[in-house]
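User: I would like to work through a structure by question and answer. Please keep it brisk.

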Amino acid sequence: MIHVENLRVAFTGRRQVEAVRGVDLTISEGECVALVGESGSGKSVTARSLVGLAGPNARVEADTFTVDGRDARAFAARDWRRLRGRFAGLILQDALVSLDPLRTVGAEIGEVLQTHGIGDRRDRPQRIRQLLTDVHVPEPERRARQYPHQLSGGLRQRALIASAIAGGPRLLIADEPTTALDATVQAQILRLLAERRASGETLLLISHDLAVVSTLADRVLVMKDGRVVEGGDTRTVLVSAGHPYTRKLISAATGRRRGTTTEPGDVVAEATALRKVYGDRTVVKDFGVTIRRGEIVGLVGESGSGKTTVAQLLFGLAEPTSGHVRFEGADFSGVPERARRPIRRRLQLIAQDPLSAFDPRWTVRRIVGEALPRGADPEPCLERVGLGADVLDRYPRQLSGGQRQRVAVARAIAPRPSLIICDEPVSALDVSVQAQVLDLLADIREADGTALLFISHDLGVIRDIADRVLVMHDGRVVEQGPVKAVFDHAGHEYTRALLDAVPTLEVSR
Amino acid sequence: MIRAIARRVASGAVVLWAAATAAYLALLAAPGDIVDSLIGDGADTPQIRAQIIAEWNLDRPAVVQYLDYLWRAAQGDLGRSYLLQRPVGEVIGDQVPPTLKLAVAAAVFGVALALVLAVTTRHRWARRASSAAELVIVSTPPFLIGIVLLSVFSFRFGLFPVSGDRGWAALVLPAVTMGLPIAGVLAQVLRDGLDRALDEPFAITARARGLRERAVLIRHALRHALMPAVTMLGWLTGVLLGGTVIIEQVFGRPGLGQVTLQAVGNGDMPVVLAVVVLAAAAFVVINTAADLAYLVIDPRLRRS
Amino acid sequence: MTLALPRPVARRLSLRRPRPGLAAAGLVLLLALAAVIWPALFAGDPLAADPLRVLEAPSAQHWFGTDQLGRDVFDRVVHGARHSLSIGVAATVIAVGAGILLGLIAGLAHRVADEALSRGFDALAAFPLVLLALLFIAIAGTGTTSLVVAIGIATTPHYARVVRAQTLVVRQAAYVTHAVAFGGSRVRLVLRHVLPNVLGPIPVLAMIGLGEAVLIAAGLSFLGLGPQPPSPEWGAMLSEGRGYLHIAWWASVLPGAAVTATVISLTVIGRHLQNRFEGRPA
């Protein structure tokens, strides 16, 4: 169906960027091919180039570029338009922004039918209903009249898929189709994609997540810096990866347990019967936790489970409606900020997005320096997180994502805190960088005996680093216990559903 | 929805009250005796002084003066011009139609031109030329535009009358003069909005359905681009009301602007105060309309 | 993220293109500045009337021609720079000062106070500027000082709203949350993080705003509410020359062109700086 040799895509303009630098790609009828890579690898640009949507500033070149049996290098805008929606459908990451928020779901799906003149005007509502039913959207008539923001994340993504398949395309290009979704919903969408494939559609899957891809794809192409570094049959690639980068991705995706031998010490922080009400919504119900020195406690939950509110309550950014927080033996909730100040430095925070966590006008020297006693040298701190003196005088935006999060860790450990609250600290990072930051955090616990409260939506990450885990659902802790016990013998059905939903990379030989 | 409208109306009433109060305070703050301020350059006779003191309750406590002023304003009684010896409502009322005609014509011309410019000049040289023209227009004093148009179309070619308000031909040049800067600003805002919307993922999805670029623009991006443009409705009212003062002067048209300018020149405070309150009322009406327009355009805001 | 436009991958070739527009704008501003500081360097006496040379067209001797009193229009335009620009600058200084103060108060204050102040900004911002200035002049009397204060008050909300919005953003910013972790007091937090980040964009905004102020000042002078004749103010010159438009366009159009050139230059350079600070490709 698609055959490309030596695809090169460069973006012109004030800044020239070569996004894709020689990619060979063949997609045959009925197969599922995956492009895997981290941010900036050129995987999305490659996929979009296949339907002529690389962008207005893109210069696309190739030695061979055959789409549906025709030479795409000679395509005019019209030729591309005829292919789009008809020959190939495109599914993007988050339907909240990938569907026009100002138009109803039905109008978005109907647009495909109208553009390609499929069916006549009168039976369009019927077709739209059928399409929504095909992707298992309940109450299709009502949903078709609703706007994307009125649908849940999963339904929205289904509606987006319905609009992509409305023109009856033979090829579906799915660009990170599940990345914005919670694990349980992700599993449902992956099942739906598998279903589409079984019904004969060809699939091109783009993802940063090898585990997601491995459940669906026949062949995998691993991309890095605009080139394919490894490619082949999914099984073969996973079992006997040749390229070190692929192996790095695999080991990051399979995960590695970072245990400890030290026993937990004295109680550092304690929360009892925490309850937080915003307006008429109770966001956190009866939350309790005890964190001891040298312990890593995982807090896992999907979006809206209340885990971020818990972080705010523990950190003293919000006051609980009822219940208490104690930190290092002193009251930490229900007291004025003035009373918290003396022990403030003993409690630190690492957030998901390191860039916004730094004052954009400050250099790394000043950022880390703020956490240290006046006049102290920030260099040793940076050394501990594996950064050299060369970053000292740079601004946060001049650092890579991984470097930024290391600086955030350096700043958090600088005042020698007894507890660090980590709120999704690795979620924004590429998988290979994730592993490094997790190693770093585990080392710090080992060396300093710092306790960590590790909040994440990602069960894999929790399994790799936490000693104990609390599972939150709808503001309530539904299950807790040692990581191994919870993961191996989940007691609560929600935990089991969560665990089942996580795509795992099976590298059995 | 009804609650949202009720809240708008209530806050509009607050703005009106604030404007009326501010105008009243301005009168009190003016240097010299309040009676002198109200007379302005009018005839200063003991009878008129007595009339002013009676009508403004100046012989009674300040609170009563203020409350009575508010009460009269709320009933639509805007007081009396002692210079012209006519009720202010009458003085202003005559001038509203020509000004309204000009403002509406200018707004329609400006908005239509902005839409056409933003949608049609998307690429390369057309876009650059249009952006440059908008910048020049926006940076040029409106009266200069008016003068240039007058000298070309009226003096040189005699196509339109030089001044006055007789017939539709007399409306063309003033409306264009006032509409051009509006188009200049709005076109920039719209073009920015279109650029942003066309970069959004939903625009990529729409293209991936096989839509023409023009269809993506009109059916998807334009509505998104309208949002920031609606925000500028309040600003637009200000430009129109303020613009009439200058444009009416340049083109010798009757209207609110001329009345205001004369009132300021003659120190006819009752008229000035009334114009301020009237402008505030226009602002409230337009802003309420803008808020409702948001709800029409963006379904995400309809949740209450 | 995959959704954003492709991020730069490897080689970045930053091409330095010549920018004729930017260079021209810079040149105009330099000339305007020079005219403000030392007008006599370029031009003769702006008040010297020559009754024998009335309304002469532009020539080698009189670059911009002469006006109805036989005064050299070029000399008057050059000297007018001082009047027009200093009114604009003074008004902008007032507006920026008051705007920063009120915006910070609104941004840091309690919800009710913030609501009241922001509503006030909204109303003032949408209120016809000319009308506001007229009201002020009606009360305080005609004159340059009234003009400056009126424009200052009328443009204050512009800055106050930006400062308020920026304050709210910075207050919520994660880096302020993190600063809490180091136990600094509230005042310290505002001084160290909020204030510097809030004030960053102000100079550039003021530059663009200055253009607006010059434009308004010219409009009010045109109505006869600014510096009185025979002062060579651009708006006033336009107004005086208007009566002779059909026989001597230069006496009114050229002072107007001076306003336009100045305002365009301020806007072009201001926007360029704005784009650079925000890291967007200009």
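User: Over how many bridges do strand 12 and strand 15 of chain A pair?
Analyst: This is a predicted model, where local features need pLDDT of at least 70, side-chain atom pairs count only at pLDDT 80 or more, and totals for chains, interfaces and linings use all residues. Residues are numbered from 1 along each chain as its sequence is written, and chains are lettered from A and ligands numbered from 1 in the order in which they are written. Strands (E, at least two residues) and helices (H or I, at least four) are DSSP runs numbered from the N terminus, and two strands pair if DSSP finds at least two bridges between them. Strand 12 (267-278) and strand 15 (322-327) of chain A pair in the antiparallel sense, and the bridges number five.

User: Which are the edge strands of the open sheet of four strands?
Analyst: The order is 13-12-15-16 in chain A, with antiparallel pairing. Each edge strand pairs on one side only: strand 13 (281-292) and strand 16 (330-331) of chain A.

User: Which helix of chain A gives the most to the side that touches chain B?
Analyst: Residues are in contact if their C-beta atoms, placed from the backbone, lie within 7 Å. The contact takes 22 residues from chain A and 19 from chain B. Elements of chain A giving two or more residues include helix 2 (77-83) and helix 4 (105-115). With three residues, the most is given by helix 4 of chain A.

How values were computed:
Two residues are in contact if their C-beta atoms, placed from the backbone, lie within 7 Å.
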